[in-house]
Amino acid sequence: MKCLEGLDKTRGNMRRTLGSLILTIGLLFGWGATFIHLTQLSFLEPGRLGQATTQLVKNTSVRSAMAGALGTALLPLFGGNAAISEAQLDQIITKALANPQVDAEFQNAMNTAQGHLTGANTGPIVLGGPAFSQDVASQIAPYSTQVAQTIAQQGLAIKIPGSALPNLGTYAKQANKLEKLFIAIAALMLILSLVIHPSPGAVLRKVGFWLIGTSIIDAILFWFIPTYILPQVAFSWAQITAAVLKATGGPATTFLVAMLAAGAIVLVLGEGVKKLA
């Protein structure tokens, strides 16, 4: 009798270990699926950078970086002399970006930047065009009519610091397929774990805790950091990243709240199943 009890206990432990291992693998794939989903809601969603231009033009770090880029572009035109102060350059950029036509050109530049991210294009990421050139030329005229005429005739374009985002084209093309694959694997692992593990209630409890924990971690990555950490970093790339993630606040928040609620429901369900066992 003791031998049989010992054998049953051993089998139970083996099933528990195997079930837990399968569940862990499934939860890892589940986390991958949620991360991919959130990246598709944010960086990979068409037009996200363009939607963020209003926030970007109001950001002092972004304007300061663009003022520096403008100073670099103007330096050769002034014969290598810094004829305009940083404060004046910042004022020129601020006034130019307040022009709706320049703002439209800035939005086009941000769409180009997103094209780099998704692998759709590889063109230069610059703020330029007729509206920007004419606006800057009119503001430069008091400092040098010759430089102003050169800008008006030849045009002017400045690089947007921080907008040279990495090329994630391969990932962007496969993201949707990867998400579906990861969800399928996670679901299969969950079903197998429920079948193999001697305590389905314990499995459901782990899934519930995982859903709650994952929603909190993703909220830190996609909401807390861009809202409270990145704005404190005095680099334009940080501000651009923060603005993009903030622009996705609605869809991402809805998804994370739904995940948190699902976690609470599954946790309660697991407790109920465990008590009935």
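The model is predicted, with residues numbered from 1 along each chain as its sequence is written.

**Confidence and fold**

The predictor's confidence in each residue is given as pLDDT, from 0 to 100. Its mean over the protein chain is 84, and 89% of the residues reach 70 or more. Where pLDDT is low, the predicted coordinates should not be read in detail.

The chain holds 12 helices and 2 strands. Helices (H or I, at least four residues) and strands (E, at least two) are DSSP runs, numbered from the N terminus. In order from the N terminus, the elements run α-α-α-α-α-α-β-α-α-β-α-α-α-α. A contact means heavy atoms within 4.5 Å. Of the contacts between residues at least 6 apart in sequence, 79% join residues at least 24 apart.

**Burial**

Residues are called buried under 20% relative accessible area, exposed over 50%, and partly exposed in between (1.4 Å probe, protein chains only). Buried residues make up 41% of the 277 residues in the chain. Accessible areas come from the Shrake-Rupley method with a 1.4 Å probe, and for residues only the protein chains shown count as cover. The chain exposes about 14,800 Å², of which carbon and sulfur atoms supply 66%.

The table gives relative accessible areas for selected residues.

| Residue | Relative accessible area | Class |
|---|---|---|
| Leucine 49 | 3% | buried |
| Glycine 169 | 5% | buried |
| Threonine 39 | 8% | buried |
| Arginine 205 | 21% | partly exposed |
| Glutamate 271 | 30% | partly exposed |
| Isoleucine 216 | 46% | partly exposed |

**Buried positions**

Threonine 39 is in helix H1 (residues 2-41). The side chain of threonine 39 reaches the backbone oxygen of isoleucine 36 at 2.6 Å. Apart from neighbours within four places in sequence, threonine 39 is in contact with Leu44, Tyr171 and Phe222.

Glycine 169 belongs to helix H9 (residues 169-196). With neighbours within four places in sequence set aside, glycine 169 is in contact with Leu117, Thr118 and Gly119. The C-alpha atoms of glycine 169 and glycine 115 are separated by 8.7 Å, although the two residues are 54 apart along the chain.

Leucine 49 lies in helix H2 (residues 48-51).

**Salt bridge and surface patch**

A salt bridge is a side-chain nitrogen of Lys or Arg within 4 Å of a carboxyl oxygen of Asp or Glu. By this rule there is 1 salt bridge. Glutamate 271 forms a salt bridge with arginine 205, and their closest N and O atoms are 2.8 Å apart. Glutamate 271 lies in helix H12 (residues 249-276) and arginine 205 in helix H10, so the pair ties together parts that are 66 residues apart in sequence.

Patches are made of residues with over 30% relative accessible area and no salt bridge, where like charges are joined within 9 Å and nonpolar side chains (Val, Leu, Ile, Met, Phe, Trp, Tyr) within 5 Å. Ile216, Ile220, Trp223, Phe224, Tyr228, Ile229 and Leu260 form a nonpolar surface patch with about 650 Å² of accessible area together. Helix H10 (residues 200-229) gives the largest share of the patch, 6 residues.

Terms used. Predicted model: local features only at pLDDT ≥ 70, side-chain atom pairs only at ≥ 80, totals over all residues. Heavy atoms only, no water. Polar contact = N/O pair within 3.5 Å; in protein donor to acceptor, adjacent residues only side chain to side chain.
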